[in-house]
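User: Could you take a close look at one part of this model with me? I would like to follow how its pieces touch one another.

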Amino acid sequence: MWVSTKAQYGLRALIEIGRRDGEAVPLKDVSERQGISQHYLEQIASNLRRAGFIKSIRGAHGGYRLSRPAADISAYDVVTAMEGSLAPVSCVEDDHTCDHQNVCGTQNLWHRVDAALKDVLGSTTLADLIVESEQLQHARLVQLDPHYPSA
């Protein structure tokens, strides 16, 4: 199972946009903070908009904001919107029937892998990832400056 940079960057962009609490976030800001090419980010934002995760705001203070609460967006939804199927092998795809299911010794393994992946990504919301990223950032600041407020 390989998750492309498109899906990884899509999640990172959504975290960055979600951290701004409803404020319109220019892609330039996301690009700079996340170290992602702005050109590539524009393509990703287009996919995220079409999938209904973000909406664009025009004008001088324009940019992107989440189109629904971060708690209502799962990592699974984002990754599958960017990637398509996450099935580790074709025989566990929802619409696939396997010619070897009566003799295959690995089919149950792949079903368990698929279920575990769906469980982890499906139970992780964008809100969870935002909180985790803010905790990480805070921990880094405390590490760099011992006098930084720890609470």
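Analyst: Happy to! Here, two residues are in contact when heavy atoms of theirs lie within 4.5 Å. Keep in mind that this is a predicted model.

Let's start with S133, which sits in helix α6 (residues 126-144). Leaving aside neighbours within four places in sequence, S133 is in contact with I15 and R19. Its side chain also has a polar atom 2.9 Å from the backbone oxygen of I130. Is S133 buried or exposed? Because buried means under 20% relative accessible area, S133 counts as buried with its 19%.

Now let's turn to helix α1 (residues 5-18) and helix α3 (residues 38-50). Two packed helices are described by the angle between their axes and the distance between the axes. For α1 and α3, the axes come within 10 Å and cross at roughly 80 degrees. An angle from 65 to 115 degrees counts as roughly perpendicular, so that is how α1 lies to α3. On the α1 side, the contact is made by T5, K6, Y9, G10, A13 and L14, and on the α3 side by Y40, L41, I44, N47 and L48. Sorted by class, this contact has seven nonpolar, three polar and one charged residues.

Two of those names deserve a second look. The model has one aromatic pair, formed by Y9 and Y40 in an edge-to-face arrangement, with 5.7 Å centre to centre and 70 degrees between the planes. The pair links distant parts of the chain, as Y9 in α1 and Y40 in α3 are 31 residues apart. Y40 is partly exposed, at a relative accessible area of 25%.

Notes:
Residues numbered from 1 in each chain as written. Heavy atoms only, no water. Helix = DSSP H or I, 4+ residues; strand = E, 2+ residues; numbered from the N terminus. Buried < 20%, exposed > 50% of the residue type's maximum accessible area, 1.4 Å probe, protein only. Polar contact = N/O pair within 3.5 Å; in protein donor to acceptor, adjacent residues only side chain to side chain. Phe/Tyr/Trp six-rings, centres within 6.5 Å; stacked < 30°, edge-to-face > 60°. Axes fitted to C-alpha atoms, helices over the stretch in contact; angles between N-to-C directions. Parallel < 35°, antiparallel > 145°, perpendicular 65-115°, else oblique. Nonpolar A, V, L, I, M, F, W, Y, C, P; charged D, E, K, R; others polar.
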